[in-house]
Amino acid sequence: MIEKKLRQLSEDIAIPDTLKPEQVEQKLQHSKAGHQSRYARRFTTRLALGAACILLVAAVGNYLLASGILNHNSPDPAAGQNPGPQLDSSPPASVSQPPEGEAAPEGEVYETLRQKIALDLESSGDCLNYEKEYDLAEAVPEQSKAADTAGSTADSAQKSSSKEYSGTNLQVQNVDEGDVVKTDGTYIYTSATDALGSIVCIYKAEGKDTKKLTELTVDSMNISEMYIKDHFLVLVGSDWEKQSTSEKKKSSGAYTENNIQQENTLVLVYDITDKENPKQTFHKNQSGIYSNSRISGNYLYTYSVMTAESADKKDKPKCYIPSVGGSLVPEDRLVIPSGVSSHSYMVFTSLDIMGGTDFADTLSILGGDGICYVSEGNIYIASLTADYTKTTIRRFHYQDGKLTDNGEKTIRGKILNQFSMDEYEGKLRFVATTENSGRTKTSNGLYVLDEDMELLGKVDRLAKSERIYSARFMGDKAYFVTYRETDPVFLVDLSDPSTPVVKDKLKIPGFSEYLQSYGEGLMLGIGSNINKNWDTQIKLTMFDISSGTNIREMHTKLLEMDTYGLAGKNHKAILAAPGKNLIGFAAESYDKKGKQKITYRLYSYDKKKGFQKLATLSPKDMEMSSARGLYIGEHFYLADEDGMGGIYVYDLNTFKQLAKVIK
């Protein structure tokens, strides 16, 4: 009955011409056109190729909700994992489920998903998305709600015993982000891949006497990121041992064997009380390719993306239903958004790092990947829709390991990265670039959504024919950069969130790809300058934002020509410590003969003299993407396991090399 209804509904839907194969290919080619920098080209290509290709059946979701097959806001009974927590506010309790390898339990949601995914996989791969569109230009409610003007900016400096040290460069205070290098102020932890898996090294940071204590080998895993939480080491990444399922597929009238391999995300936890003898306390995987994670409180929240490869057989449910810890995600933890048809899932898990023996909670949503921003209470995923001109922002509430689907909004526009979003006093603020028809192809704006994800305030139609290149929210102020030929830096006052006001717009050459507070009244910009010959060079800018009503460029530093950095691609690769007056990052440069060189640059800032070069460190074979600079006490450490294979130690005052500790 369900299958018949689904197929009947799907036959009535025509594929728009703009989304036919030849049109999609044209969009991909267009996104690569034009002169861009080396890293801009890579980013554009990956973004275009990574967009989800989905065939949506518009009436299906509404039918499911109306028929009672799916309850979007269903209660949270037992998780059904083995062993698994009960998904309510009470402490987790074990719930049994059939052993690994047995047929999946029958259920209407499982069967509905199988049929929906089968329909999608049978399609030509074109993309449709009939979610409710939210026009950013619609009228704004007149009522006003005053906002608290207090704001805070996280400082990277932390205390460990009597030593001050630099931690990972975070967007949100108290929400930790994973990285390839971590420190707790006494030890330095590095990760790298090898032929069989990954290696984690633990170093005792003692200046010139720094030494390696432990080399931990993790087989069949590509570590994407790691965390240090108290005396626990947390590793997240891709599981090399893919799930294999043999299925028979009909081709040209004959049945042929098809071996399906599915990607899994692996989560490992080690007790490192004894640094020389780490003890594994947790080892489980979840369906899909690793996308992102955060630690808040004692809980790790991990987000992966599973793409179903087949839905032909009911007895092969793990081919089309995500699994966590070896068991299918329970039906009541599967969400099918209204009007969505897709063969990709967002898969979320939470884990109590301090003693969890199983995932505390799991939640899976039918839909694709997206940009992840995490506040102290919510996870936001901003996903491009099929035509690349709209974005769906989904909100998931988390608290003490409990995950809840908590609303969504589809907007007309594109969100650049996680710094384009910010939650303040329960309201989501974001900046977006909107593509328009007619002579003006793009415009930009800042928007505020209330607690119900409805539009509260906006200021838009800014910087026409330009795009947003960076953004930073600081309390009740927002700063964002657009670019075409000059670098307009906008200052928006959000003290009344229902009526954002542009207070200033500063135009300077080049553009900033990354913005960050740098002490009282200062904002650091790291980006690029491009001349008329399309030569690129890294640009450092210090802005005076002390007045709150205008922006002033105080100093600019241009590095040599043909230099590139990762400022706009990975903020965790940047060291910006105003307390130590230290700015550090890796840079790629080319000499006149085209020979590549990667160095680590260090600068300080003086309000009168501007940016002052402290050092250019040139370790052999350093990899720009994995190089990390950090300080502990009076020593500076440059770590890069994927490149040079070890740690260089320098005096923080003179930057004289004191030691080299190889892997």
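Okay, hi everyone. Keep in mind as we go that we are looking at a prediction.

Let's start on the inside. In soluble globular proteins, nonpolar side chains tend to be buried together. So where does that happen here? The largest nonpolar core holds 33 residues, and Phe348, Ile379, Ile393 and Phe430 have the most contacts inside it. Let's pick one of those and ask: what is Ile379 in contact with, if we skip its neighbours within four places in sequence? The list includes Tyr301, Phe348, Cys372, Tyr373 and Val374. It also takes in Arg394, Arg395, Phe396, Tyr398 and Leu403. Apart from that core there is another one, with 32 residues, among them Val234, Ala308, Leu328 and Ile353.

Next, the aromatic rings. A pair of aromatic rings is described by the distance of the centres and the angle of the planes. How many aromatic pairs does the count come to? It comes to 19. I'll show you two of them.

For Tyr469 and Phe511, the ring centres are 4.6 Å apart and the planes stand at 55°, so we call this pair tilted. The two residues are 42 apart in the chain, and the pair links distant parts of it: Tyr469 belongs to strand E26, residues 467-474, while Phe511 belongs to strand E30, residues 511-517. Are these two buried or exposed? Tyr469 has 30% relative accessibility, so it counts as partly exposed. Phe511 has 6%, so that one counts as buried.

The other pair is Tyr600 with Phe636. Here the centres are 6.0 Å apart and the planes are at 45°, so this pair is tilted. It also links distant parts of the chain, with Tyr600 in strand E37 (residues 596-606), Phe636 in strand E40 (residues 635-639), and 36 residues from one to the other. Tyr600 is buried, with a relative accessible area of 0%, and Phe636 is buried at 0% relative accessibility. Ring pairs also link Tyr600 and Phe636 with Tyr648, Tyr650 and Phe655 into a cluster.

One more ring before we move on: Lys275 lies over the face of Tyr187, 4.8 Å from the ring centre.

Strands of a sheet pair through backbone hydrogen bonds, either parallel or antiparallel. Have a look at strand E23, residues 427-435, where 8 of the 9 residues are buried. Which strands does E23 pair with? On the one hand there is E22, residues 421-424, joined to E23 by 4 bridges and running antiparallel. Tyr424 has Lys427 in E23 as its bridge partner. E22 and E23 make a hairpin with 2 residues between them, and Glu425 in the turn has a positive phi of about 55°. On the other hand there is E24, residues 442-449, which is antiparallel to E23 and joined to it by 8 bridges. In that pairing, Thr434 has Ser443 in E24 as its bridge partner.

Last stop: an open sheet of 4 strands, in the order E30-E31-E32-E33, with antiparallel pairing. E30 and E33 (552-558) stand at the edges with a single partner strand each, so one side of each has no neighbour in the sheet. From one strand to the next, the twist averages 20°. Inside that sheet, E31 (residues 522-530) and E32 (residues 536-544) pair over 9 bridges in the antiparallel sense, and Ile530 stands opposite Thr536 in E32.

How values were computed:
Residues numbered from 1 in each chain as written. Predicted model: local features only at pLDDT ≥ 70, side-chain atom pairs only at ≥ 80, totals over all residues. Heavy atoms only, no water. Core = buried A, V, L, I, M, F, W, Y, C linked by side-chain atoms within 4.5 Å. Buried < 20%, exposed > 50% of the residue type's maximum accessible area, 1.4 Å probe, protein only. Contact = heavy atoms within 4.5 Å. Phe/Tyr/Trp six-rings, centres within 6.5 Å; stacked < 30°, edge-to-face > 60°. Lys NZ or Arg CZ within 6 Å of the ring centre and 35° of its normal. Pairing = 2+ DSSP bridges. Axes fitted to C-alpha atoms, helices over the stretch in contact; angles between N-to-C directions.
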